[in-house]
Amino acid sequence: MANMRFAVGFTRLIPTIGYHHVLMLLIAIAIILLSLLLAGCSSSSPIIPNIFLISLYYKSYPPNFAPSQVDPGVTTAIANIVGQAQLEVRVGYFGICINPDGGAFLCSNNATSLATQVSVDQDPLNLIWVASTFKDSIVFPYLIIVAIVLAFLCFLLLATFPGWHEETNDDGSEIRDVKPFPSRPVSQVSLALIFVASIFVLVSVLWQHTASVAASTIAQDLGNGSVRSGVGTTAMVLGWFGFSLLIVVTIGLLVMILSIRLFDRLTDD
């Protein structure tokens, strides 16, 4: 009985869902994904430390040798300095997480406070300082923040779009469902907002990807044989998927505006 009531209620709900509701849902998902991206490494919650831009960690492996290396033997000196260290550092937009001994992650937005919680033997090459320099000098989260604000404003404007409602003839003989067209200025402003938000996210994600790969490669080469590095896959997926959703919304709004304009021309003729 309960399942039947749910099915009936869901069936009644479907006709009330408009085109703009789907766009609003996509915007909401994009905002959530981008917010998770910004929250990476900001706390020690189970999921948050896994959302990072780059990771640096001590690990012994056969060093890479190349003819362009002036002093290949420096890898032995670095290995002696590193010793048995196994610290891992992960960098997010607003925080850094460290794992000194393979246990739980410690996260903070203050690298100095994290550095005071480890010994010299645990971080002999100052990876915490390197990660802090990357976060403070290279990472730029504010375009994503602005994009989230713009996307939210677009969400609010889409919420003002008219929905389905019933109208009757003058004599009250017929009841029909009517859905008025949204205001053209509101539609155009919504399109402009979501387009600018998409561009901001694209620039941020491209910068994030390029900077993370470059920093990760350089750090690993400097610690040749003793330091490994990696780029956060989860952060990349969140950024690119959020951008893709915003682009879908942009195209959807553009198609809607052009369709309404074409319909108006056809009806005028």
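Colleague: By class, which residues make up the lining of the largest pocket?

Modeller: This is a predicted model. In it, the lining of the largest pocket has 14 nonpolar residues, two polar ones and no charged ones.

Colleague: What volume does that pocket have?

Modeller: About 290 Å³.

Colleague: Which residues lie nearest its centre?

Modeller: Leu 56, Val 130, Ala 215, Ala 219 and Leu 222 do, out of the 16 residues that line the largest pocket.

Colleague: And which elements each supply at least two residues of the lining?

Modeller: β1 (54–58), α5 (127–137) and α7. The biggest share of the lining comes from α5, which gives six residues.

Colleague: Switching to helix packing. At what angle do α6 and α7 pack?

Modeller: Helix α6, residues 142–159, packs on helix α7, residues 184–222, at about 155 degrees, and their axes are 8 Å apart. An angle over 145 degrees counts as roughly antiparallel, so that is how α6 and α7 run relative to each other.

Colleague: Is the crossing left-handed or right-handed?

Modeller: Left-handed, as α6 passes α7.

Colleague: Which residues make the contact?

Modeller: On α6 they include Leu 143, Ala 147, Leu 150, Cys 154 and Leu 157. On α7, among them are Val 186, Ser 190, Leu 193, Phe 200 and Ser 204.

Colleague: How many of the contact residues are polar, and how many are charged?

Modeller: Two are polar and none is charged; the other class in the contact of α6 with α7 is nonpolar, with 19 residues.

Conventions. Residues are numbered from 1 along each chain as its sequence is written. This is a predicted model: local features need pLDDT of at least 70, side-chain atom pairs count only at pLDDT 80 or more; totals for chains, interfaces and linings use all residues. Side-chain values use heavy atoms; hydrogens and water are left out. Axes are lines fitted to C-alpha atoms, for helices over the stretch in contact, and angles run from 0 to 180 degrees between N-to-C directions. Helices (H or I, at least four residues) and strands (E, at least two) are DSSP runs, numbered from the N terminus. Angles under 35 degrees count as roughly parallel, over 145 as roughly antiparallel, 65 to 115 as roughly perpendicular and the rest as oblique. A crossing is left-handed if the near helix is turned anticlockwise from the far one by less than a right angle, and right-handed if clockwise. Contact means heavy atoms within 4.5 Å. Ala, Val, Leu, Ile, Met, Phe, Trp, Tyr, Cys and Pro count as nonpolar, Asp, Glu, Lys and Arg as charged, and the others, Gly among them, as polar. On a 1 Å grid over the protein atoms alone, a cavity is a set of points where a 1.4 Å probe fits but cannot get out, and a pocket is an open set with protein on both sides within 12 Å along at least five of seven lines; lining residues have an atom within 4 Å of a point. Grid points are joined across faces, edges and corners, and a volume is the space filled by probe spheres set on the points.
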